Amino acid sequence: MKTKTKVLVIGALAAFAIQGVSAQHAKPKKGTSAKKDEKAAPAPVVDAKTTLIVAEDALNMRRGPLRVDAYTTLEYWASGTTNALGQAYSPDGSWPTFKTTVDVTLNYVLPAIRMDITRTNPDGPIQGGGGLPLPAPQHQITVANGQYAWNESVLGAGFLPNTTATPVLDAANDRLMRVLTTPVGFLKMAMKNGADTKVTTEGGETVITTPIMGMPVSATLDAKNLITKIEWKSDNPVLGDMMNEIDYSGYKDLGDPPTDAIFPEHIVEKQGGFPVLDLTVTKTDPNNPYLFFPVPDNVEKAFAQGPAPVKVDIAKVAEGVYFLTGGTHNSVAVEFKDYVALVECPLNDDRSLAVIDAVKKTIPNKPIKFVVVTHHHFDHSGGVRACVANGSTIVTYTPNKAYFEKVFANPHTVKPDELSKSKKKPVIEAMAEKREFADATQSMELYHLAGSDHTDTMLVVYLPKSKTLIEADVWNPAAANAPTPKSNKENINLVNFIKTQKLDVETVLPIHGRQVTMAELNKIVGSSGSGD
């Protein structure tokens, strides 16, 4: 049989199989009726392999006389926007936006990926976290190859003099999902998974489901057998079982010169219900044999050693005040007569459980009764569930209360955490503009910091006895020997707030960075922070 005839026969068989499933969901024709007491006939089993072949042919993946999948690599260039997950200005708001250009290189065989990303500030007013506003364009090269993941200071870093390849121990799977959830990557995985790949019809649409990275991933086909949507769930410390959605549209040959391999021109990715990426692809280069992803020696060594245990250093700043550092995010323990108040349970269970353990060893026989959440951003609230499991009451600004109640109710089945295991009910206390905790030994004042573009729910903490201020993100002090940075709107707003409230501050404990003095902040802000 000639090749063309073979293709026609396979296409006809696939169309027949798909139509057979759709027919089961068709409404009865006018003038006919089904017996009310008769059970609906089960939908016929759709042949998954045939469906996959048809979908591969729709993308022109299969080549040569034998019609085999010859797609090995892809490079594409795109521009649009990316967004900072979990860094919304307001609870329940969308993630803040960056203007973005990308050069993405994929290897479907290894698998491997390199994303060369440049981000700049969005047009118009800038609000929210994620490093916004950027002081300059931000350039980053992220790479993953198999079990390894690293960041490159320049293309090929780790193999060139005076370059740096930085291992990122927990990023490989997330990065490789970008390879395996492209239309080509998904179909390759679905074909490879054989009997574990299932095809169903949902709402008249063909849906292919296959396991990727241990999770079921589903792709929806349109009438042309092109993938229009890919969905799966992953774990997020705040959102729990977080839905990931990628929409693909505008398929065309974007090769220069044309290659007849088609790729979606428009890609929209959502996490937690909001976009994290919206790109228009301008050019593709499939099957380029000169795309390499060598793993630097220092990256291999770092992965062989494995992640270091969570480090928590604890220093006594004043009587009853302890600064917990050792990572990217700090916490502060404030000791009262009969209990401890902890400011910030950041990141995730691992970090917060280590912080809780350090507090209990330093201040034994006193429960951590209250946990103050400075604001709702995920890096600052990702470990709050562990603190709830420990029996602590959450104290937060009023608009956060309903948001935390909602996300605390989300299931955590992808990766069960301490709270889901303990089954404790969260206790959340909302505060307005000010709240005070006091006993014979200690006092602690919480204030809402208005006027910040970082978030509208920010709290700062003042300890009158030690003249200490605890703040997050509105001033991240540089290293002690670094040049004095310029002031910005956030630290000017903080200084004006301190003056307005007439707080006598000598020491500042930031959630990011080292312990500093108020004199250092005043030096940065200078006369611009006078508020006059």
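Biologist: What is the volume of the largest cavity?

Modeller: General idea first. On a 1 Å grid over the protein atoms alone, a cavity is a set of points where a 1.4 Å probe fits but cannot get out; lining residues have an atom within 4 Å of a point. Grid points are joined across faces, edges and corners, and a volume is the space filled by probe spheres set on the points. Here, the largest cavity has a volume of about 130 Å³. Keep in mind that this is a predicted model: local features need pLDDT of at least 70, side-chain atom pairs count only at pLDDT 80 or more, and totals for chains, interfaces and linings use all residues. Residues are numbered from 1 along each chain as its sequence is written, and side-chain values use heavy atoms, with hydrogens and water left out.

Biologist: Which residues lie nearest the centre of the largest cavity?

Modeller: Tyr-76, Arg-178, Thr-182, Tyr-248 and Ile-267, out of 14 lining residues. Strands 4 (97–107), 5 (112–120), 13 (240–253), 14 (262–271) and 15 (274–286) each give two or more residues to this lining. Helices (H or I, at least four residues) and strands (E, at least two) are DSSP runs, numbered from the N terminus.

Biologist: How does the lining of the largest cavity divide by class?

Modeller: Ala, Val, Leu, Ile, Met, Phe, Trp, Tyr, Cys and Pro count as nonpolar, Asp, Glu, Lys and Arg as charged, and the others, Gly among them, as polar. The lining of the largest cavity has 10 nonpolar, two polar and two charged residues.

Biologist: Which helix gives the largest share of the lining of the second largest cavity?

Modeller: Helix 9, with three residues. The second largest cavity holds about 60 Å³ of space. Its lining includes Pro-237, Ser-381, Arg-385 and Phe-404.

Biologist: How much space lies in the second largest pocket?

Modeller: A pocket is an open set of points with protein on both sides within 12 Å along at least five of seven lines. The second largest pocket has about 480 Å³. Of its 15 lining residues, Asp-170, Ala-308, Val-310, Leu-347 and Asn-348 are the closest to its centre. The lining has six nonpolar, five polar and four charged residues.

Biologist: Which end of helix 6 does Asn-348 cap?

Modeller: A polar contact is a pair of N or O atoms within 3.5 Å; within protein, one must be able to donate a hydrogen and the other to accept it, and residues adjacent in sequence count only if both atoms are side-chain atoms. Asn-348 caps the N-terminal end: a side-chain oxygen lies 3.2 Å from the backbone nitrogen of Asp-350. The expected span of a helix is 1.5 Å times one less than its number of residues. Helix 6 (residues 349–362) has 14 residues and reaches 20 Å, close to the 20 Å expected.

Biologist: Which residues of helix 6 are buried?

Modeller: Buried means under 20% relative accessible area, exposed over 50%, partly exposed in between (1.4 Å probe, protein chains only). In helix 6 the buried residues are Asp-349, Arg-351, Ser-352, Val-355, Ile-356, Ala-358 and Val-359. An α-helix has 3.6 residues a turn, so residues three or four places apart point the same way.

Biologist: Why does Leu-449 count as buried?

Modeller: Because its relative accessibility is 1%. Leu-449 sits in the loop between strand 24 (443–448) and strand 25 (459–463).

Biologist: What is the strand order in the open sheet of six strands?

Modeller: Two strands pair if DSSP finds at least two bridges between them. The order is 23-24-25-26-27-28, with mixed pairing. Strand 23 (434–438) and strand 28 (516–517) are the edges.
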